Every structure is written in C-alpha cells, then in structure tokens.
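Here is a short report for a reader new to this structure. Please look through the sequence and the model first.

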Number of protein chains: 4
Amino acid sequence: MRTKSFRSVVKKYKAVFFDAFGVLKNHKGLIPGIENTFEYLEKKGIFYYILTNDSSRSPEELARWYQQRGLRHVTTDKILSSGMLTMEFFKTKLTNGNAVAYLGTVKSAHYIESVGLETIPVKDVDFNNLDKIHSFAFLDDEGFDWKKDINKTINLLRQKNMTVVVANTDINYPVSKNEISVAVGGLADMVEQIIGKNFIRFGKPDAQMFLLAYERVLQDIKVNRNEILMVGDTLYTDIIGGNKFGLDTALVLSGNTLPDMAKIRIGSSGIIPTYVCESAVIE
Amino acid sequence: MRTKSFRSVVKKYKAVFFDAFGVLKNHKGLIPGIENTFEYLEKKGIFYYILTNDSSRSPEELARWYQQRGLRHVTTDKILSSGMLTMEFFKTKLTNGNAVAYLGTVKSAHYIESVGLETIPVKDVDFNNLDKIHSFAFLDDEGFDWKKDINKTINLLRQKNMTVVVANTDINYPVSKNEISVAVGGLADMVEQIIGKNFIRFGKPDAQMFLLAYERVLQDIKVNRNEILMVGDTLYTDIIGGNKFGLDTALVLSGNTLPDMAKIRIGSSGIIPTYVCESAVIE
Amino acid sequence: MRTKSFRSVVKKYKAVFFDAFGVLKNHKGLIPGIENTFEYLEKKGIFYYILTNDSSRSPEELARWYQQRGLRHVTTDKILSSGMLTMEFFKTKLTNGNAVAYLGTVKSAHYIESVGLETIPVKDVDFNNLDKIHSFAFLDDEGFDWKKDINKTINLLRQKNMTVVVANTDINYPVSKNEISVAVGGLADMVEQIIGKNFIRFGKPDAQMFLLAYERVLQDIKVNRNEILMVGDTLYTDIIGGNKFGLDTALVLSGNTLPDMAKIRIGSSGIIPTYVCESAVIE
Amino acid sequence: MRTKSFRSVVKKYKAVFFDAFGVLKNHKGLIPGIENTFEYLEKKGIFYYILTNDSSRSPEELARWYQQRGLRHVTTDKILSSGMLTMEFFKTKLTNGNAVAYLGTVKSAHYIESVGLETIPVKDVDFNNLDKIHSFAFLDDEGFDWKKDINKTINLLRQKNMTVVVANTDINYPVSKNEISVAVGGLADMVEQIIGKNFIRFGKPDAQMFLLAYERVLQDIKVNRNEILMVGDTLYTDIIGGNKFGLDTALVLSGNTLPDMAKIRIGSSGIIPTYVCESAVIE
C-alpha cells in the first residue's frame with residue numbers, strides 16, 4: 001500500500017484531531033518521535049485535539065500521562081473524551097436528589113459526579129429503595145465483580161425502566177502487544193441484548209464526539225470541516241466517523257491496522273481514508 | 001398512560017423541533033388543528049424547525065406541501081432533512097470531474113446535484129468506464145427497476161471500492177392507514193449485508209441531524225440544548241435521538257406509537273420521553 | 001387468549017417432548033400437579049422425553065432432581081440435553097492426546113470427559129503449551145472468574161485458531177421469580193462478537209436437539225414427526241424449533257410467556273403454536 | 001495453504017456429500033474432470049449425494065442439468081435440496097382447503113404443490129379474502145415484480161399472522177464469473193427485519209439439511225456420521241454445517257473460497273475444515 005509522509009499531509013490543514021491509542025501511544029508508552037509532530041504543529045500554527053473513547057479517567061488524568069512522558073503540548077484542554085460527553089449528558093438531565101447507578105471504578109464515577117449529581121455503584125444499590133435512581137451508566141470494565149454486578153445490573157434494569165448510557169462505544173481495548181480485554185462497551189452490548197432495551201452510547205464513530213471537538217476548535221479559529229484532518233489507526237471508529245462528519249481522514253499503520261493488511265481491510269470494509277501514512281510521526 | 005397537554009409542555013421551551021409524519025401530517029394530509037400550534041408558537045416567540053428523514057424531495061418541495069394546505073408558517077428555511085446532510089457531505093468531498101452513482105428518482109438526484117457534482121443513475125453506469133465514479137448514494141426507493149438496478153448496484157460496489165451514503169435511515173415508511181413500503185434505508189441494509197461493507201447513513205436518530213437543526217437555531221437565538229423540545233411519534237428515531245443529543249423530548253400518540261401501546265413500548269424499549277402528549281395540536 | 005385443556009391436546013399424540021423450566025418445574029420446584037400428567041401419559045402409553053438447554057449437569061444429575069421430588073417417571077433415559085449434543089460432537093472429533101479447553105464448572109467438564117477426552121479449565125491453560133488444545137467449549141456460567149477467565153479465553157482464541165462449541169444456546173436463565181442470570185450462551189455471544197469468529201451452538205431451537213429426541217423415540221416406536229407434540233413455555237426456542245422440525249407444538253403459560261401477553265407475543269413474533277394451554281398439568 | 005489430493009481424502013469415507021455450485025459446477029458448466037470423481041466413487045462403492053440450497057427447481061430438473069452434460073451418475077435420487085425440506089414441512093402442516101402464498105416462479109410453486117397443497121402467488125392474493133391462506137413461502141428471487149410484490153408481501157404479513165418459510169438460506173448466488181445476484185434468502189432477511197417477525201429457514205448450514213441427507217444414506221448403508229465427508233466451497237454453509245453435524249469436511253478451492261485467501265478466511269472465521277483440497281476432481 002502506497003503511503004504518504006505525515007508531514008506532507010498534515011501541513012494542508014488548519015486543525016488536526018488525533019486518536020490516542022495506536023497513534024500517539026501504544027502499550028509501551030509514547031510512540032517514539034511523536035513529540036516532533038507536536039513541535040511541528042506548534043511551529044506551523046496548526047491546532048490539534050485528542051479524541052478518545054476513554055471514560056475511565058478525567059481529561060486531567062489523561063493529560064498528566066502525556067506530561068509525565070515529556071509531551072508538554074498535550075494539556076487538559078486538548079483532550080476530548082467520551083467520558084466528557086457522558087458528563088455533558090447528565091448535566092442536561094440533572095434534577096435535585098436524583099442519582100445515577102453505575103458499573104465502573106469509583107474514579108470513573110467521580111468524574112461524572114463533577115457536574116453535581118450523585119452516583120451509586122451497582123453493588124450498593126438497594127432494590128427496596130430505587131426511587132432516587134433515575135439512570136444508569138456503564139463507565140469502566142474495572143472496579144466491580146463482573147459476575148455479581150453484571151447480573152445485578154440486569155435485574156436492576158428489568159425492575160426499573162431508566163435511561164442507560166454507555167460512556168465508551170469500544171467493545172475491547174489493547175492491554176499489551178498481543179492481548180486485548182473486554183471494554184465496558186462489550187459488557188453493555190451483552191446486557192442490552194439480554195434485557196432487550198436500547199442504550200445510549202457515546203464515543204467515536206458517533207457524530208457527537210466529533211461535534212464536541214469541532215465546537216472546541218471553533219472557539220480558537222474559524223474553520224470548515226474539510227480543513228480539519230482526523231488521524232486514527234482504526235477504520236471502524238476514527239476513519240468512518242471522520243469521513244461521515246465531513247473531515248478528511250488519515251489512516252496510520254502504527255496501531256491496529258497492520259501495514260500488510262491495510263489494503264485488504266480498506267477494500268473489504270468500504271471505509272476509505274483520504275490518506276494512508278506509516279505513522280503520525282514527523283522525522 | 002397519563003398524558004400532558006401539548007400547550008403546557010411546549011410553553012417551557014425556547015425552541016421546538018418537530019418530526020413531520022405522525023406529528024404534523026399523516027396519510028390523509030395535515031393533522032387537523034395543527035395550524036393552531038404554529039399560531040401559538042409564533043405568538044409566544046418560540047422558534048420551530050421540522051426534522052425529517054426524507055431524501056426524496058428538496059426542502060422547497062417539502063415546504064410547498066405545507067403551504068398548499070394552508071400552513072403558511074412552514075417555509076423552506078424551517079425544514080431540515082437527511083437529504084440536506086447528504087448534500088452537505090458531498091459538498092465537502094467535491095472534486096472536479098467526479099461523479100456519484102445513485103439509486104433513486106431523477107428529482108432526488110437533482111437536489112444533491114445542486115452543490116455542483118455530477119450524478120449518474122445506476123442504470124446508466126458503464127462498467128467499462130468507472131473511473132469518474134467516486135461514490136454512491138441511496139436516495140429514494142422510487143425511480144428505478146428494483147430487481148435489475150439493485151443487482152447492478154451490488155456488482156458495481158463489489159467491482160469498485162467507494163464510499164456509500166444512505167440518505168435516509170428509515171427502513172420503511174407509511175403509505176396509507178394500514179400500509180407501509182420498504183424505504184431506501186431498508187434496501188441499503190440488504191445491499192450492505194450482501195456485500196459486507198460499511199455504509200454511511202444520514203437521518204434521525206443520528207446526532208448529525210440534530211446538530212444541523214441546533215446550528216440553525218443558534219443563528220436565531222442563544223439557546224442551550226435543554227431549552228429545546230424534540231417532538232416525535234417514534235421512540236427509536238425522534239425520542240432516543242433527541243434524548244441523546246441532550247434535548248427534552250415529547251412523544252405524541254398521533255402516529256405510529258398507538259395510545260394503548262405507549263406504556264408497553266416505553267417500558268420494553270427503555271427509551272423514555274420527557275413527556276407524553278396525545279398530539280402536538282393546541283386547541 | 002382462548003386456551004385448550006392439556007389433556008384434550010396431548011391425547012392425540014404418540015409421543016410428547018417437554019421443555020423443563022417453566023413447564024415441569026419453576027424456581028420453587030416441581031409445578032404442582034405435574035405428576036398427574038406423567039401418570040396419564042403412562043396410562044395412555046404416550047412416550048415422553050424432556051429436552052433441555054442445560055449443559056451444566058449430566059442427565060443422571062438432572063433426573064435425580066425429579067426423582068428426589070417424587071417424580072419417579074423422569075429417569076435418566078428420558079432426558080436429552082444440549083450437553084449431550086456437545087458430548088456427541090466431541091466424540092466424533094476425538095483424537096488421541098488432544099484436549100478441550102473450557103469455561104464452566106469442573107462437573108460440567110466431567111460430563112463431556114465421559115467420552116474419553118481430556119479437558120482443561122481456561123484458568124489452567126498455559127499459553128506456551130497450546131499444542132494439544134484442539135478445541136474450546138463454553139459449558140456453564142459458573143465455576144470460573146468472569147473477568148479474568150473471559151479475557152483469557154478471548155486471548156486464547158485469538159492466539160490459536162480452533163473450533164469453539166457453545167453447549168447452551170440460551171443467553172439467560174431464571175434464578176428466582178423476578179431474577180435472571182446471564183447464561184453461558186450470553187457470554188459466548190459477547191466473546192464471538194469481540195473476536196469475530198463463528199462458534200458452533202447446541203440447543204433448542206436448533207434442529208439437532210430435536211433430531212436427538214426423534215432418534216431416541218424411534219427406538220421405542222414407529223412415529224411420524226407430526227404425531228409428536230412439543231410442549232414449551234418459550235416461543236423463540238421450544239415453539240419455533242418444534243414447528244420447524246415438523247412437530248405440532250403447545251405453548252404453555254406457566255413459564256416465561258405470561259397469560260396476558262401470549263396473544264401479543266404470538267402476533268408480534270409470527271411464531272404460531274398449534275395450541276395454547278394454561279399449563280401442562282392434567283387435573 | 002497446503003492441500004491434499006481429493007482422491008487421498010475421499011477414499012477414507014463410506015459416503016460423501018457434495019455441495020453443487022463451486023464444487024461440481026460453475027457458471028461455465030460442469031467443472032472439467034468432475035466425471036472422473038464419480039467414476040472413482042462408483043468403482044470404490046462410496047455413496048454420494050448432492051446437497052443444494054436451491055428451491056427454485058425440483059430434484060428432477062436439477063438432475064436433468066447434470067444428465068444433459070454427460071454426468072449420468074447424478075440422478076434425481078442423488079439430489080437433496082432445501083426445496084425438499086420446504087415441501088416436507090408443508091406436508092406435515094397440510095390441511096384441507098388451506099393455501100400457501102408465495103414469492104417465486106410458478107415452477108418453484110409447482111414443486112411444493114406436489115404434496116397436495118394449493119399455492120397462490122403474492123400478486124394474486126386478495127386482501128379481502130385471506131381466510132384460506134395459512135402460510136407464506138419465499139421460494140425464488142425470480143417470477144415476480146420486486147417492488148410491487150415485496151411491498152405487498154410486507155403488508156400481507158402485517159395484516160395476517162402466519163408461519164413464514166424461507167426455502168433457501170443463501171442471501172446471494174453467483175450468476176457469472178464476477179457477478180452475483182440477491183437470492184430469495186436476502187429478500188426474506190429484508191422483509192423479516194421490516195416486519196419484525198421470525199421466519200423459518202431451510203438450507204445449509206442448518207442441521208435439517210444434513211439430517212435429510214443422513215436419513216437418505218442410512219437407507220443404503222449403516223454408517224456413522226464421522227464416516228461421511230462433506231465437500232464444499234463455502235466455509236459459512238458447507239463446512240460449518242458439516243462440522244456441527246459431526247461430519248468430516250473438505251474445503252475445495254474451486255469456488256468462492258479462492259486459493260490465496262483460504263488460509264486468511266479459515267483463520268479469521270474460526271471455521272476449520274478437516275481437509276483443504278484444490279478441487280473435488282480426481283485426475
């Protein structure tokens with residue numbers, strides 16, 4: 001598959017949206033040389049944001065990870081996550097005295113609590129006292145007993161009809177070079193299938209994620225959608241989502257689309273990036 | 001199911017988004033009395049828009065239908081359709097000399113041509129000359145020979161990898177009190193299944209439709225999402241889409257959610273409108 | 001919904017197949033009076049078998065449950081389970097020195113071991129020594145750590161391509177009057193979705209389950225398929241499976257199809273039983 | 001991918017089941033040399049049957065096609081089709097004066113009429129006189145006006161609840177080297193999705209197709225399932241179906257699994273044939 005240099009591609013745009021895993025970082029840490037890319041963007045005055053389907057941590061925590069590895073350009077305000085969409089969602093639904101039950105870590109709940117609502121981990125839900133629980137959130141695959149708490153979630157959602165939000169559309173995520181883990185989106189799919197109800201999902205490839213980033217960049221500059229480049233390693237989230245929102249897209253081969261499979265995957269999926277680049281690194 | 005009067009609901013909002021079929025009109029024509037609703041909205045200074053998954057006609061044509069039936073408030077600028085999103089999409093992808101092949105009526109193609117691109121009905125596609133065809137659009141279920149042209153579409157999309165857009169997410173639409181017809185979204189689902197590729201779809205419940213309307217209303221007034229009411233007769237498009245976008249929602253029982261089934265449907269779907277009203281008519 | 005007495009229905013048949021849960025038993029134990037039904041069948045010389053999607057226990061154990069509650073007619077040879085199909089499957093694939101990895105209890109594995117193959121619980125699988133593992137079985141939702149072992153299963157099936165069998169098609173099962181639990185079929189669906197491979201499933205409504213029972217009854221008597229009645233409480237497994245195999249079917253309202261919903265469910269599903277009866281009890 | 005000679009494989013079995021298209025024939029006619037295979041089977045006394053998801057023609061017509069091309073061994077009694085299962089199904093449901101409405105050619109209907117039931121093409125169904133129509137059959141993608149008659153079918157099935165049978169599980173079929181066509185199974189999937197009901201499907205990979213063939217071969221010889229070889233070109237129908245039924249399986253690369261993709265397809269699908277052969281031809 002013929003690829004283009006990332007420099008020759010990115011220089012044509014006013015702003016660039018990056019996926020995180022497989023583009024800026026991998027299981028070993030930052031992708032070597034990625035700091036040069038940010039230096040280049042700063043020098044050229046190209047705006048940049050990171051769009052991540054990560055609802056387990058706040059933008060502050062996510063930014064800290066980059067900062068600690070020397071990528072000082074990635075600050076909290078550069079990070080847009082599906083967790084933020086979830087928080088925004090609950091903000092509009094906020095009513096005094098109401099609470100959200102959830103599956104996830106206490107930390108993932110703290111983040112959505114920041115708008116002022118009360119959260120209750122599923123394990124603490126009392127079936128004799130469901131009055132104040134008005135919605136449910138799937139936040140993280142960690143922080144609970146899968147067997148006990150997934151079954152309790154199913155029976156809670158059967159007993160009381162409430163709005164259910166899934167804060168991460170991904171069904172799995174990489175944990176090492178060859179290993180993946182079920183993501184909270186995968187657990188939510190199973191529960192939705194079993195109870196036969198319709199959940200609300202936040203995260204790429206859904207337009208609301210791209211809208212959040214677009215609104216943010218409009219605060220900086222006046223820009224049309226086709227003056228923005230979406231950079232990602234996954235056809236089914238980053239590229240199709242960017243294409244649909246009207247952005248140009250660059251598939252990078254540094255993550256889960258491997259160089260020797262890129263052509264076959266593009267051909268069989270029908271998801272066609274504007275460009276294909278080896279990686280987002282600028283030498 | 002206890003319902004609220006539409007007047008008592010709508011008066012709390014700065015803007016209202018209406019679904020068309022089952023809310024403002026049905027197979028017989030305008031829903032009787034609906035003109036009072038628009039008089040009321042005008043008097044109170046509440047902004048309103050109509051959001052429709054209709055890609056077969058232009059906003060001008062859609063507005064003319066209301067005008068001819070005496071609903072003078074529904075002007076072209078009040079109508080937002082999935083066809084407009086399709087047109088916007090192609091505008092960003094526009095390249096000199098490229099063409100879009102399509103299934104639909106000539107009229108539905110004229111509308112997307114208005115941005116300046118060339119369109120070719122599937123029946124006129126020459127398999128020996130595919131160079132200039134860079135994408136495909138499902139526009140309407142009318143205007144072609146289903147057997148011949150659907151099979152030709154399948155073989156075209158197998159032979160050349162291109163972006164495919166579906167301009168209407170609905171899989172069927174009502175044609176009379178008891179009859180429905182396969183919509184172009186239903187045909188697209190079948191083709192997508194057979195060729196195993198991923199199409200891009202425009203229309204409710206997808207966020208991009210609500211975003212289009214929200215951007216439009218922001219040109220009129222400063223308004224938060226939860227100061228907007230989405231009114232619809234279908235849980236799976238109008239209500240879940242509005243809920244997810246952060247709007248309040250009113251389910252009306254004048255269309256395909258029948259009064260005696262509303263409670264069961266809400267309970268079994270898990271899609272919970274903010275309000276339920278008999279209809280959108282204000283006496 | 002007009003129902004028929006079970007006696008008036010069953011007397012027309014030479015053999016009857018019963019689903020277990022919701023027909024013969026529920027969360028409290030045997031359905032009161034069901035012993036009269038078996039007395040009647042014995043007296044009339046009508047053959048009977050129990051078809052269950054239960055892979056967690058052997059027919060011996062399943063029969064013991066009925067015996068202990070006084071239903072002496074339900075002997076081991078009367079019970080046909082999806083676990084038996086799984087065992088049959090592995091018998092045909094048996095090769096010296098090969099092993100099956102599994103998710104489930106040790107007891108569920110003992111049962112499939114009875115044909116002579118070796119089994120290894122997922123938690124004991126060594127990724128550096130996968131040579132002898134030639135297939136994988138989902139046997140039971142109990143007996144393992146869901147988070148750890150489901151993730152390990154996913155990575156095992158990604159690392160080595162092997163045949164995967166799901167010994168129970170059900171995605172959930174009842175645990176008390178108002179509570180359900182994820183069944184091993186539900187977990188298997190999630191894993192299949194995440195790794196994108198195709199599993200082999202055993203259990204109703206699949207024809208192989210009915211075939212097993214039909215072959216068994218042919219050892220007793222010469223009978224055509226339409227001289228056999230399938231009795232069940234679930235449209236989507238018992239009734240559609242029986243219909244398709246050419247059996248007559250009786251839906252009973254003593255399990256998960258509730259009396260006030262039966263008509264709606266039959267109408268909306270298009271799965272039409274030959275008869276509807278209050279229960280399988282003969283007074 | 002390392003392949004085995006078909007001769008070395010087939011000689012180990014007492015009986016062999018062949019898929020037709022891509023194994024014995026292709027769009028040009030008989031696969032050259034396939035007659036040698038049948039000579040060999042006859043000489044060795046290996047029993048053979050052809051299993052085809054073809055409901056558009058009777059076994060007589062299907063056999064005639066082979067006979068006319070000089071393959072005299074393929075006689076009517078050697079052919080087992082999904083159309084036969086459909087006919088068997090209706091035979092068990094036969095009631096005086098009842099009729100089956102259908103989509104397909106008149107010829108495809110003649111075949112299922114041979115058990116004595118009345119058939120009515122959808123175009124002749126009178127909505128004011130539905131009393132005698134007790135079921136519906138999808139038989140062939142030819143013989144009707146797709147737009148008019150598919151929409152009429154949808155409204156018929158919404159108006160009257162009846163059992164629906166799909167006589168071919170395939171969603172497409174090859175019509176030339178590079179072209180495919182929507183099969184009646186693809187149309188049925190679309191209709192099922194739109195009306196939300198559950199259809200009964202006959203054909204590979206479903207066990208009932210293999211059962212029909214197994215019952216037939218048992219009339220000839222006493223044979224265990226693992227003494228039978230299923231030969232096919234499609235992983236998702238022939239191979240997974242054969243595997244599940246307990247047969248050994250041989251994937252041939254003369255049809256829609258191309259030699260250079262076989263290894264990738266087997267790896268990504270998890271459907272593992274016992275053998276892979278270039279073709280079913282014996283030199």
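## Two cis peptide bonds

Pro205(D) sits in the loop between strand S12 (200–201) and H8 of chain D. This is a predicted model. The peptide bond that joins Lys204(D) and Pro205(D) is cis. Its omega is about 10°. As a rule, most peptide bonds are trans.

Chain C has a cis bond to describe as well. It runs from Lys204(C) to Pro205(C), with omega near 10°. Pro205(C) lies in the loop between strand S12 (200–201) and helix H8 (207–220) of chain C.

Helix pairs come next. Two packed helices are described by the angle between their axes and the distance between the axes.

In chain D, helix H8 (residues 207–220) packs against helix H9 (residues 235–245). The angle is about 70°, and the axes are 9 Å apart. H8(D) is therefore roughly perpendicular to H9(D). The crossing of H8(D) past H9(D) is right-handed.

Which residues of H8(D) meet H9(D)? They are Ala207(D), Phe210(D), Leu211(D) and Tyr214(D). On the H9(D) side, the partners are Thr237(D), Asp238(D), Gly241(D), Gly242(D) and Phe245(D). By class, this contact of H8(D) with H9(D) holds five nonpolar residues, three polar and one charged.

## H8 of chain C against H8 of chain D

H8(D) also meets H8(C). The axes of H8(C) and H8(D) come within 9 Å. They cross at roughly 35°. This crossing of H8(C) and H8(D) is right-handed.

H8(C) brings Ala207(C), Gln208(C), Leu211(C), Tyr214(C) and Glu215(C) to the contact. H8(D) brings Ala207(D), Gln208(D), Leu211(D), Tyr214(D) and Glu215(D). Six residues in the contact of H8(C) with H8(D) are nonpolar, two are polar and two are charged.

## H7 of chain B against H7 of chain D

Another pair joins chains B and D. Helix H7 (residues 184–195) of chain B crosses helix H7 (residues 184–195) of chain D at roughly 135°. Their axes come within 10 Å. H7(B) and H7(D) are therefore oblique to each other. H7(B) passes H7(D) in a right-handed crossing.

The contact uses Gly186(B), Leu187(B) and Met190(B) from H7(B). From H7(D) come Gly186(D), Leu187(D) and Met190(D). The contact of H7(B) with H7(D) has four nonpolar and two polar residues, and no charged ones.

## The second largest pocket

Now to empty space. Rolling a probe the size of a water molecule over the atoms shows where such space is left. How much space lies in the second largest pocket? The volume is about 1300 Å³. The pocket is lined by 46 residues. Those closest to its centre are Leu211(A), Tyr214(A), Glu215(A), Leu211(B) and Glu215(B).

Chains A and B both supply helices to this lining. From chain A, helix H4 (82–92), helix H8 (207–220) and helix H9 (235–245) each give two or more residues. H8(B) gives the most, with eight residues. By class, the lining of the second largest pocket has 20 nonpolar, twelve polar and 14 charged residues.

Notes:
Residues are numbered from 1 along each chain as its sequence is written. Chains are lettered from A and ligands numbered from 1 in the order in which they are written. This is a predicted model: local features need pLDDT of at least 70, side-chain atom pairs count only at pLDDT 80 or more; totals for chains, interfaces and linings use all residues. Side-chain values use heavy atoms; hydrogens and water are left out. On a 1 Å grid over the protein atoms alone, a cavity is a set of points where a 1.4 Å probe fits but cannot get out, and a pocket is an open set with protein on both sides within 12 Å along at least five of seven lines; lining residues have an atom within 4 Å of a point. Grid points are joined across faces, edges and corners, and a volume is the space filled by probe spheres set on the points. Helices (H or I, at least four residues) and strands (E, at least two) are DSSP runs, numbered from the N terminus. Ala, Val, Leu, Ile, Met, Phe, Trp, Tyr, Cys and Pro count as nonpolar, Asp, Glu, Lys and Arg as charged, and the others, Gly among them, as polar. Axes are lines fitted to C-alpha atoms, for helices over the stretch in contact, and angles run from 0 to 180 degrees between N-to-C directions. Angles under 35 degrees count as roughly parallel, over 145 as roughly antiparallel, 65 to 115 as roughly perpendicular and the rest as oblique. A crossing is left-handed if the near helix is turned anticlockwise from the far one by less than a right angle, and right-handed if clockwise. Contact means heavy atoms within 4.5 Å.
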